[in-house]
Structures are given as structure tokens and as C-alpha cells.
Amino acid sequence: MENQEAESRYIIGTVDSALSILNLFFEYEELSAAEVGKLLGVSRSTAFRFMVTLENRGFVTKTASGKYRLGLNMFSLGMLAYNRMELVHIAHPILQEVADDAGETCHIAILDGGVRVIFIDKALGSSWLKMDTALGYSQYAHCTATGKAILAYQSDQVLNQYIRNTTFVQSTPYSIKDARELLQILDRVRFDGYACDNEETELGLTCYAKPLLDASGRTYAAISISGPTTRMEKNKTAHLKRLEHAVARISRTLS
């Protein structure tokens, strides 16, 4: 607590607010200054000044409707970070091989901020109906197979923090209802060695995921195969073997 209070003294409020504005675009494609002000709890004039400053630096751009969306500088920085990520560089060819073999979409995801998973790479399979999640898409970890695969191998401290900061929303009848159910599922993930999203986010969509573990046994990422439920269930055993082999290859290369 003392360390957190000490660190908070060094946080520059205006910079923190500007970054909070940029984080809004994870959920919104376009926003007006008034909408930004309402979401952040600041006046419209304050929000407008922030938006003009961000626009001047190329981090947002103003549309014909007068709203703002992310600018080219954000894309450039994102691509730079993406290209520098050793995990993506090493894992992508393996991920593409799995997608080609399975015919389904494969993803790599990491835990972002202790609460959400963010998809940092993908490979599309050849099947006519496929899941095509945009890179950078984020979601509460417990709502995804990759997120559950990551959470299952975190410390109790991380899990407790996750539960305190998470909202359990029933997107489908199969969504996780509460913290108690989540902990039971994570126990099962550790026992089985893989995680599932059984139509918990979207009806008709199933996903299997396996964790990538470091030397300490903590997971730093997860890879997954996703597709229509009927196809996924039919090929579950084969998909899990594909994921197991991919995890082993990635781990050997990174070690």
C-alpha cells in the first residue's frame, strides 16, 4: 500500500487522463468530445482540449461528423510494438501451421492489466465459416478460453485481484455466473491442462486453449483454436493434440 501511494505521487494527472481517453477506443470506434467528457467525468471543454491535443499529435483524427477516432500514429505505434514482440515473431509460423491443419482460426492472447486478455496474433484456417477476431481486441479473461487458460496458472493474489475488478455478465445461458463458478472451472483447467469456451460468449462458437508456461509454472500467454461448435466438438481430440504440439514447439524455441 505504501509503495502504491509513493508511486501515485509521480503520476502526472494530465498524461494519465490523456491515456484514459485513448483506452476508451478499445470499446468505442468513434467518440465526440462531449461523450469523452461524460465517460471520464470531466467537462466538455476539458475533454475538447484533450482531443485537440491528441489530434495535433496524430493520436486521434476528426471525422466529417465531428467525432474522433484513433489516428495513424496509434496504428504505427501498435504495429511497432507488434513487430517487436518476440512471442509473435516466433509463434506466428507455428500458429499458421496449426490453423492450416485444423482449418479453424487460431489466436495468441496475453493478460492485459490483470483483468482483460488481448489478442496479439491470429492465423485463419481454410474453413468457409471462421472466427475472425481483430488484433488488439480485448475481453474479460473469464469470458474466453485463452483467458481461463492464463488465469488458471496465476497466483492467488492475481486471481483475487481479478475477481475484485471483474463484472460477471451473462452474455449467453452458458456464461460464467460468479467468482465461485470461475474458481471451480479454473481447478478443472489445471486438472485437464486446457480451457474451453463452450458458447459462453457467443452461441454457436466454441474455443479450446492451452497455456504457455514460463520456468516458474506461471502462464504468460495462451494459444487457441476457435470455430463453430459442431465442428469443434467433432474434432476436439485432434485440436487438443495440435495445441499441445504447438505449445511444446513454441516453448522449446523461446527457452
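Colleague: In β8, what is the bridge partner of Leu-212?

Modeller: Ala-221 is the residue in β8 that pairs with Leu-212. Keep in mind that this is a predicted model.

Colleague: How many bridges join β7 to β8?

Modeller: Nine, and the two strands run antiparallel. β7 covers residues 205–213, while β8 spans residues 219–228.

Colleague: And how many residues sit between β7 and β8 in the hairpin?

Modeller: Five residues lie between them. In that turn, Gly-217 has a positive phi of about 90 degrees.

Colleague: Which way does β3 run against β8, parallel or antiparallel?

Modeller: Antiparallel, with five bridges joining β8 to β3, residues 105–112. Thr-105, for instance, stands opposite Ser-226 in β8.

Colleague: Is β8 mostly covered or mostly open, then?

Modeller: Mostly covered, as nine of the ten residues in β8 are buried.

Colleague: Changing topic. How much space lies in the second largest pocket?

Modeller: About 290 Å³.

Colleague: Which element gives the most to its lining?

Modeller: α2 does, with three residues. Both α2 (13–24) and β5 (138–140) supply at least two lining residues each.

Colleague: Which residues line the second largest pocket?

Modeller: Among them are Ser-20, Asn-23 and Leu-24, along with Ser-138 and Tyr-140. The lining also includes Asp-112, Gly-113, Val-115, Arg-116 and Asn-165.

Colleague: How many of the lining residues are nonpolar, polar and charged?

Modeller: The lining of this pocket has four nonpolar, five polar and three charged residues.

Note on methods. Residues numbered from 1 in each chain as written. Predicted model: local features only at pLDDT ≥ 70, side-chain atom pairs only at ≥ 80, totals over all residues. Heavy atoms only, no water. Buried < 20%, exposed > 50% of the residue type's maximum accessible area, 1.4 Å probe, protein only. Helix = DSSP H or I, 4+ residues; strand = E, 2+ residues; numbered from the N terminus. Pairing = 2+ DSSP bridges. 1 Å grid on protein atoms, 1.4 Å probe; cavity = no way out; pocket = protein on both sides within 12 Å on 5 of 7 lines; lining within 4 Å. Points joined across faces, edges and corners; volume = space filled by probe spheres on them. Nonpolar A, V, L, I, M, F, W, Y, C, P; charged D, E, K, R; others polar.
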